[in-house]
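Work through the exercises below with the model in view. Try each task before reading its solution.

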Amino acid sequence: MTGKTHASCGLLVGALTIEYFHTDLFTSITVITLAVISSLLPDICHPQSKIGRRFKLISFFIRMIFGHRTFTHSLLFIAIIVCLLYVIQTSSYYLVTIILGLLSHVILDMLTPRGVKLFYPIPINVKFLVVFKTGGLVDISLASALTIGAIYVIFQPFFNNLFLNWL
Ligand SMILES: [Zn+2]
């Protein structure tokens with residue numbers, strides 16, 4: 001999936017998290033930012049990806065040691081990040097949004113023909129039965145649908161008010 005699709009899914013994850021926890025404005029902005037970053041983070045193993053271009057050196061080393069779509073797309077990677085966040089006593093809404101952001105990335109990549117090494121270091125490619133080409137029509141439609149969904153969730157109270165005023 002393209003970085004755009006991952007970021008839109010991160011946006012939706014962030015929107016749902018603030019909706020669930022009813023966070024204040026500052027926390028909400030942080031939650032959404034963290035969701036988008038974590039939804040892009042697994043592609044740090046790819047120097048040409050949105051996040052890889054920002055952190056070229058880290059990206060280069062991760063790719064050299066692990067290869068593309070292996071360690072950073074695995075349950076092990078997510079578990080390590082969760083442990084680290086737990087140790088530094090991250091608030092539950094930040095923790096939830098980061099975990100969901102990371103998971104959303106792995107799940108979306110499981111929809112591509114290449115799949116992911118979900119159980120790394122066990123070298124099995126895991127993917128769904130139905131897969132789509134990265135950058136294809138489904139990928140682009142998915143990005144748009146996810147963005148619309150996220151905007152709807154964020155502005156839902158506003159939309160509801162508007163709707164009630166019409167009646
Ligand atoms: Zn990926």
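**Exercise 1.** How far apart do the end C-alpha atoms of residues 131–155 lie, and what percentage of the span is helix?

*Solution.* Bear in mind that this model is predicted. Start with the ends: their C-alpha atoms are 32 Å apart. Next, take the make-up of the span: 76% helix and 0% strand. Now turn to the record. An unreviewed UniProt entry lists residues 131–155 under "transmembrane region", along with 25–45, 66–87 and 93–111. Take residues 25–45 as well. That stretch is 76% helix and 0% strand, with its end C-alpha atoms 33 Å apart.

**Exercise 2.** Is valine 106 buried or exposed? Which residues does it touch, not counting those up to four places away in sequence?

*Solution.* Locate valine 106 in helix 6. Count its C-beta neighbours inside 10 Å: there are 20. The cut-off for buried is 20 or more, so valine 106 counts as buried. Then list its contacts beyond four places in sequence: Pro42, His73, Val116 and Leu118. Finally, check one pair. Valine 106 and leucine 118 are 12 residues apart along the chain, and their C-alpha atoms are separated by 7.9 Å.

**Exercise 3.** Which elements give two or more residues to the largest nonpolar core?

*Solution.* Begin with the core itself, which has 32 residues. Among those with the most contacts inside it are Leu11, Val31 and Ala35. The contributing elements are helix 1 (3–21), helix 2 (25–40), helix 5 (75–87), helix 6 (92–109) and helix 7 (137–166). Helix 1 gives the most, with 7 residues. Last, follow alanine 35: leaving out residues up to four places away in sequence, it touches Gly10, Leu11, Val13, Gly14, Thr17, Thr97 and Gly101.

Methods: Residues numbered from 1 in each chain as written. Predicted model: local features only at pLDDT ≥ 70, side-chain atom pairs only at ≥ 80, totals over all residues. Core = buried A, V, L, I, M, F, W, Y, C linked by C-beta atoms within 7 Å. Buried ≥ 20, exposed ≤ 12 C-beta atoms within 10 Å, placed from the backbone. Helix = DSSP H or I, 4+ residues; strand = E, 2+ residues; numbered from the N terminus. Contact = placed C-beta atoms within 7 Å. UniProt positions renumbered as here; feature names shortened; annotations may be inferred.
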